Structures are given as structure tokens and as C-alpha cells.
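Thank you for making time this morning. I would like to walk you through one chain, going from the overall picture to a few individual residues.

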Amino acid sequence: MTAPITITGSASIDGTPIFSGLDLTLAPQKWTCLLGASGVGKSTVLRLFAGLTEGVTFDGTLHVPDRVALMAQRDLLLPWLSVFDNVMVGARLRGERPDRDRAAERLAQVGLSDHADKLPAALSGGQRQRVALARTLMEDRDVVLLDEPFSALDALTRAQMQDLTAELLTDRTVLLVTHDPAEAARLGHTITIMTPSGRIDVPAPTTPIPRALNAPEVLHAQTDLFDRLRSPL
């Protein structure tokens with residue numbers, strides 16, 4: 001079982017405080033959803049967990065595995081590489097020999113085997129995000145960091161990608177940074193709102209994820225989150 005990963009402390013960028021006194025633990029093999037207003041430090045927390053500390057001054061303690069997987073809001077596919085090669089790009093950047101069989105399996109998992117030889121420009125937005133998910137799964141990490149990965153998608157595709165990601169990341173420790181109360185209500189085992197004055201833990205539904213969009217417990221949690229985000233103090 002993956003041990004909890006934690007961050008405790010304060011951070012600033014170029015001398016400007018971003019957050020202070022934060023104490024956040026990600027429960028093993030569960031989804032933690034992190035919400036809050038723009039500029040409150042959500043993405044900075046994710047960057048610190050990912051080891052992307054350039055420009056960030058952090059004062060505190062951080063416990064995280066050496067290797068995590070990151071899926072960003074933008075798919076960040078390399079336009080000159082095929083879908084298949086984009087899925088394997090992590091290994092190549094590390095100077096490792098890519099596992100082509102595993103890459104084919106990951107593409108099959110996201111339903112894109114028939115698109116392996118295409119360039120990213122030939123894909124829809126949802127298909128590109130599925131390639132990004134396959135690339136994330138290719139890393140096979142116990143800890144996965146998701147930085148608003150579905151926010152640019154239309155509502156139907158977003159719900160489909162939420163379902164697929166929850167299915168394929170079962171038993172992983174996941175941190176999802178999101179602005180969307182409905183997304184957090186569907187996917188969170190733990191839901192936390194960051195505010196300038198601290199952290200607010202919000203009760204999450206106890207039913208398995210991904211939860212149905214119209215489930216009563218999801219609608220109740222979504223409304224509760226919206227109200228708290230509107231008046232966080």
C-alpha cells in the first residue's frame with residue numbers, strides 16, 4: 001500500500017506569499033480533490049508534489065515518492081510525433097528503451113488503438129486528452145497528479161473522461177486540482193478547499209467513484225461546495 005504523502009508549510013514565488021500554514025495529506029489509494037479561488041496556491045501545491053520547484057520558495061516539509069505521474073490541463077502532445085510515440089515519450093526523454101507492448105496496451109485501454117499512427121492534429125480534443133491519459137498510465141506510478149485535466153473539454157466529453165480516468169486509476173493515490181464543484185463531488189474521496197486563511201475540509205459522498213452526475217449525494221455535495229467556494233470564510 002502506498003504511504004500517505006504530505007505537505008506542511010508555506011510557499012512564495014518571487015517573494016510573493018502564495019500560501020502559509022498549509023497541512024495537507026493525500027490518503028493512500030484514494031482521490032483527493034483540491035479546490036479554491038485562482039491564485040490561492042492549488043497549482044503550486046501540485047508543482048511541489050511533482051518536484052517542479054523552479055521559482056518556488058518552500059519552507060516546510062514535503063513527503064512524496066521520487067517518481068510521480070502528472071497530467072496537466074493542456075495535453076502537451078508533441079505535434080511532430082505520432083500518437084504511439086507520444087505515449088512512449090517519457091521513457092525516451094529519460095534515455096530508456098520504451099516498452100512498445102505496454103504502450104499498445106495503454107492505447108487500447110483508452111480506446112485509441114486505431115489512431116496510433118496519427119499525428120495529434122488529426123485528433124479531437126477528447127481524443128488528445130485520452131492520449132495524455134495513456135501517456136500518464138504508461139508511467140505506471142502509484143501517485144498521480146491531475147491539474148484540471150478536463151476543464152477545456154465539452155460537458156459530455158468531460159464526464160466521459162472523468163469516468164475513464166477514475167476506472168483506470170483505481171487503487172492509485174490521486175490529487176486532482178479542479179475549479180469544478182461537480183467534478184469534485186463525482187470523484188473525490190476527500191475534498192479540500194484552499195483559502196487565503198487556511199484549509200476547509202468538505203464532506204464527500206461515501207459512494208464509489210465515479211459517481212453519477214445526477215445522484216442525490218452528488219448534487220448535495222456540489223451545492224455545498226459551491227456555497228462554500230462563494231463564501232469560503
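Confidence in the chain is lowest in helix 3, residues 89-93, with a mean of 86, and highest in helix 7, residues 181-187, where it reaches 96; the score here is pLDDT, the predictor's confidence in each residue, from 0 to 100. Over the chain the average pLDDT is 90, and 97% of the residues score at least 70. This is a predicted model, in which local features need pLDDT of at least 70 and side-chain atom pairs count only at pLDDT 80 or more, while totals for chains, interfaces and linings use all residues. Residues are numbered from 1 along each chain as its sequence is written, and side-chain values use heavy atoms, with hydrogens and water left out.

The chain holds eight helices and nine strands, where helices (H or I, at least four residues) and strands (E, at least two) are DSSP runs numbered from the N terminus. Its radius of gyration is 18 Å, close to the 17 Å that the globule rule gives for 233 residues, so the chain is as compact as a globular protein of that length; the radius is taken over C-alpha atoms, and the rule is 2.2 Å times the number of residues to the power 0.38. The C-alpha trace spans about 50 × 40 × 35 Å along its principal axes. Of the 233 residues, 48% count as buried, meaning under 20% relative accessible area with a 1.4 Å probe, protein chains only.

Six strands make up an open sheet with the order 5-6-7-3-8-9 and mixed pairing, and two strands are said to pair if DSSP finds at least two bridges between them. Strand 5 (69-71) and strand 9 (198-202) stand at the edges with a single partner strand each, so one side of each is left without a neighbour in the sheet. On average, neighbouring strands of this sheet are turned by 20° against each other, direction ignored.

How many bridges link strand 8 and strand 9? Strand 8, residues 190-195, pairs with strand 9 in the antiparallel sense over five bridges, and a hairpin joins the two through two residues. Within this pair, Thr 192 stands opposite Asp 201 of strand 9.

The other open sheet has three strands in the order 2-1-4, with antiparallel pairing. Its edge strands are strand 2 (16-26) and strand 4 (56-63), each pairing on one side only, and the twist from one strand to the next averages 5°. Strand 1, residues 5-13, pairs with strand 4 in the antiparallel sense over eight bridges, and the bridge partner of Ile 7 in strand 4 is Leu 62.

Finally, helix 1, residues 42-50, lies across strand 1, strand 2 and strand 4, running at about 120° to strand 1; axes are lines fitted to C-alpha atoms, for helices over the stretch in contact (heavy atoms within 4.5 Å), and angles run from 0 to 180 degrees between N-to-C directions. Buried residues of helix 1 include Val 45, Leu 46, Leu 48 and Phe 49. Helix 1 is followed by Gly 51, whose phi is positive, near 80°.

Terms used:
Buried < 20%, exposed > 50% of the residue type's maximum accessible area, 1.4 Å probe, protein only.
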